[in-house]
Amino acid sequence: MKVKVKGSIRDLLAFKGLVPKRRKRILKSPDTPLVADAVGELSRVLHPRVQHLVITGVKNETPSAKTFRLEPHRQDGTTRLAPFRAGQYVSIRTEVGGVRITRPYTISSSPHEKDFYEITLRRTEGGFLTGHAWEHWREGTKLDASGPEGTFFHEPLRDTPEILGLAGGSGVTPFRSMIKDIALGGAQLRLTLLYGIKCPDDIIFGHELREFADRFPEKIRVHYVCSEPDSSWEGPTGFLSAACIRDLAGDLAGKTVFVCGPPQMYRFLREELKAFNLRPKQIRWEAEGEASDIERHPGFPADAVGKSFRLTVAMGGKTVELPALSGESLLVAMERANLAPPSRCRSGECGFCRSRIVSGEVFVRPESDGRRAADRMYGHIHPCSSYPVSDVEIAVPRDP
Ligand code: FES
């Protein structure tokens, strides 16, 4: 077959010189990018790997709750704080008794207070970090934190403009941030907050929330519901039952319900909210945190209760063996051995601790199984929500 190519000889010569010319140009070009990496820069601002912070203020909220104000520690390289949505958390990374751990804490300040974050801790009996924080955290203490994380925030594309907040204990912290966002930042929301407390002394941010409710009555309503009132209590009493919710917040049709509180409150509300026939996406549950009584879960294998198993961990090119108790997550077992595995939410949701199970069996309670279907199928687990029920071997990525 004959092929005729039309064109001048000059075209052919130009083509011949194309590759060497391009090579010359490449050699002459600077090593640095010609345009700034705008996307990369924005992503570093929005999602910093670590934020170096320093405590600049401590406020006693109640006999058992304190608010810590955190500002950037400029000398350590953090010049500004990552922005956040009201309801998000930061994962604080610190050392307690020589053991490196993380804990997620909701940012209780407003997204419009850009120079600081506030986190509010409630001291719990035997609380591993809170005991340490009460003893050692003061003005000048340095802490490292992740960027803001979590999905427990109002998203206008998904949620209704009228929301009901159901809070218990220190679960009021995201609602303080949301209320401040409405009051100070003009978020276009109407929020009714029902805050369940055991006794009047337990109310965190009591005066502040009342003040906002008084100033913006058309947007913010706050009710405290006390389960063990004293003689001076004049507000509603009991628990956040369906009847109480209906009484104080009315019908829930056309509202999104946000829930944040202790595990027992979640168990109670899962039943009570059934009375309203809400669609699942109408209820937003904040991550529940680690289960403290996993062995009492109805699905937990009875023959594994109270046992200690062998956990083999391959991480960062090393393999170590350590004991793992059936009642503690694999994440806690690794932290106990000071392996500093990656973690953020500690609730099975964010996937930051995602690891591969090589052998053995773990129990994951369905309520905190945030894995994708493919991960479940192909043997990936979230150690923060996985409990050993046999000897287990896992491969864990290093904290990036
Ligand atoms: S730390 Fe978030 S899923 Fe484990």
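Q: What does buried mean for a residue in this predicted model?
A: Buried means under 20% relative accessible area, and exposed means over 50%. Glu288 has a relative accessible area of 18%, so Glu288 is buried.

Q: Which residue forms a salt bridge with Glu288?
A: Side chains of opposite charge can pair when their charged atoms come close. Here the partner of Glu288 is Arg365, with the closest N and O atoms 3.5 Å apart. Arg365 sits in the loop between β15 and α9, and Glu288 in the loop between β11 and β12, so the pair ties together parts that are 77 residues apart in sequence. Arg365 is buried too, at 9% relative accessible area.

Q: How many salt bridges does a search of the whole structure find?
A: The search finds 27. One of them joins Glu118 and Arg176, at 2.8 Å from N to O. Glu118 belongs to strand β5 and Arg176 to helix α4, so this pair ties together parts 58 residues apart in sequence. Both Glu118 and Arg176 are buried.

Q: Which residues are linked with Glu118 and Arg176 in a network of salt bridges?
A: The network also includes Arg69, Glu113, Lys180 and Glu208.

Q: Where in the chain are Arg190 and Glu162, which meet in a salt bridge?
A: Their side chains meet at 3.1 Å, N to O. Arg190 is in strand β8 and Glu162 in strand β7, 28 residues apart. Arg190 is partly exposed at 39% relative accessible area, and Glu162 counts as partly exposed at 24%.

Q: Is Leu13 buried or exposed?
A: Leu13 has a relative accessible area of 54%, so Leu13 is exposed. This residue is in helix α1. Together with Ile9 and Leu12, Leu13 makes a nonpolar surface patch of about 340 Å².

Technical notes: Residues are numbered from 1 along each chain as its sequence is written. This is a predicted model: local features need pLDDT of at least 70, side-chain atom pairs count only at pLDDT 80 or more; totals for chains, interfaces and linings use all residues. Side-chain values use heavy atoms; hydrogens and water are left out. Patches are made of residues with over 30% relative accessible area and no salt bridge: like charges are joined within 9 Å, nonpolar side chains (Val, Leu, Ile, Met, Phe, Trp, Tyr) within 5 Å. Accessible areas come from the Shrake-Rupley method with a 1.4 Å probe; for residues, only the protein chains shown count as cover. A salt bridge is a side-chain nitrogen of Lys or Arg within 4 Å of a carboxyl oxygen of Asp or Glu. Helices (H or I, at least four residues) and strands (E, at least two) are DSSP runs, numbered from the N terminus. Buried means under 20% relative accessible area, exposed over 50%, partly exposed in between (1.4 Å probe, protein chains only).
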